[in-house]
Amino acid sequence: MKILLAGATGVVGRRLTPLLVQAGHEVAGTTRHEARAASVREGGATPVVMDALDAASVRRAVETVRPDAIIHQLTDLSGEDFTANSHLRIKGTRNLVDAALAAGVPTMIAQSAAWLYVAGTAAAVETDPLDPALPPSPGVVALEEAVGEMPRGVVLRYGALYGPGTWYAPDGAIAKRVRAGNLRQTPAWTSFVHADDAAAAALAAVEWPAGAVNIVDDEPATTADWLPVYSASLGAPLPGTARHAAAMGRPVSNAKALSLGWKPQVPSWRTGFAAQG
């Protein structure tokens, strides 16, 4: 297939580009900055300079490439600016979907989030409702609704990404907070996925039917479970326990993804954190 990969220089995009090329796809990868075009080319893709927030720029990119599918891995999180990321999810996705529909592109695969389900103790599945009160929810809901307008729109609800280049890498934002003693053990739930497995899921999703799919590893965990292991992998002191902390979030099931043939190569954050440390 001919694929337009939007966000080819991001955490997932950098990993996904060579996977798509190795699978025999013809890939055009977008970047906002001409200076980063070389890194797209190194992955085996044709670089396309595109500003996702500029509808005309997106339309030109889609009309030029004329892809069979668009894979949307656009984020704006390097500066931990959640407002900017939500804006990109809303406006950038809208621009991509509008351009795709105008050009007759049938398929879009998009990065979403797995941590917005209404709180509970049972593992969340894709048909469970999202919690509109959580701050990232408007951007995620807008993204998923827009992608749902595609003839075949696949939404990948990624867990918390870790691995080189992520916030959980030894030089990442979460690691810095742990070393500073700013995180505490709580009963809040997290479902992780290694960035390599997230990229593999996006490759597999080229063949998947429309709908949302949770992309998480096999072991959801509370902060009280994973934080001591993560801290140890960093050589950081054991974090304290937060007093009177309420349970938040819920575990997330990967059963649907497994049924579609995806399987995490890093099935647990326990081994994943140790490997990246």
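View 1. Seven strands make up an open sheet with parallel pairing, ordered β3-β2-β1-β4-β5-β6-β10. Strands are DSSP runs of E with at least two residues, helices are runs of H or I with at least four residues, and both are numbered from the N terminus. Two strands count as paired if DSSP finds at least two bridges between them. At the edges are β3 (46–49) and β10 (211–215), each pairing on one side only. From one strand to the next, the twist averages 20°. The model is predicted: local features need pLDDT of at least 70, side-chain atom pairs count only at pLDDT 80 or more, and totals for chains, interfaces and linings use all residues. Residues are numbered from 1 along each chain as its sequence is written, and side-chain values use heavy atoms, with hydrogens and water left out.

View 2. Strand β2 (residues 26–31) runs parallel to β3 and is joined to it by four bridges. Thr 30 has Val 48 of β3 as its bridge partner. Five bridges link β6 and β10, again in the parallel sense; Val 154 stands opposite Gly 211 of β10. Four of the five residues of β10 are buried, so this strand is largely enclosed by the rest of the structure (buried: under 20% relative accessible area, with a 1.4 Å probe and protein chains only).

**View 3. Helix α3 against helix α4.** The axes of α3 (residues 55–65) and α4 (residues 82–103) come within 9 Å and cross at roughly 40°. Axes are lines fitted to C-alpha atoms, for helices over the stretch in contact, and angles run from 0 to 180 degrees between N-to-C directions. On the α3 side the contact (heavy atoms within 4.5 Å) is made by Ala 55, Val 58, Arg 59 and Val 62, and on the α4 side by Asn 95, Leu 96, Ala 99, Ala 100 and Ala 103.

View 4. Ser 86, Arg 89, Ile 90, Thr 93, Arg 94 and Val 97 of α4 meet α5 residues including Pro 138, Leu 143 and Val 147. Helix α5 also lies across β4 (69–72), β5 (107–113) and β6 (152–158), running at about 165° to β5.

Terms used: Buried means under 20% relative accessible area, exposed over 50%, partly exposed in between (1.4 Å probe, protein chains only).
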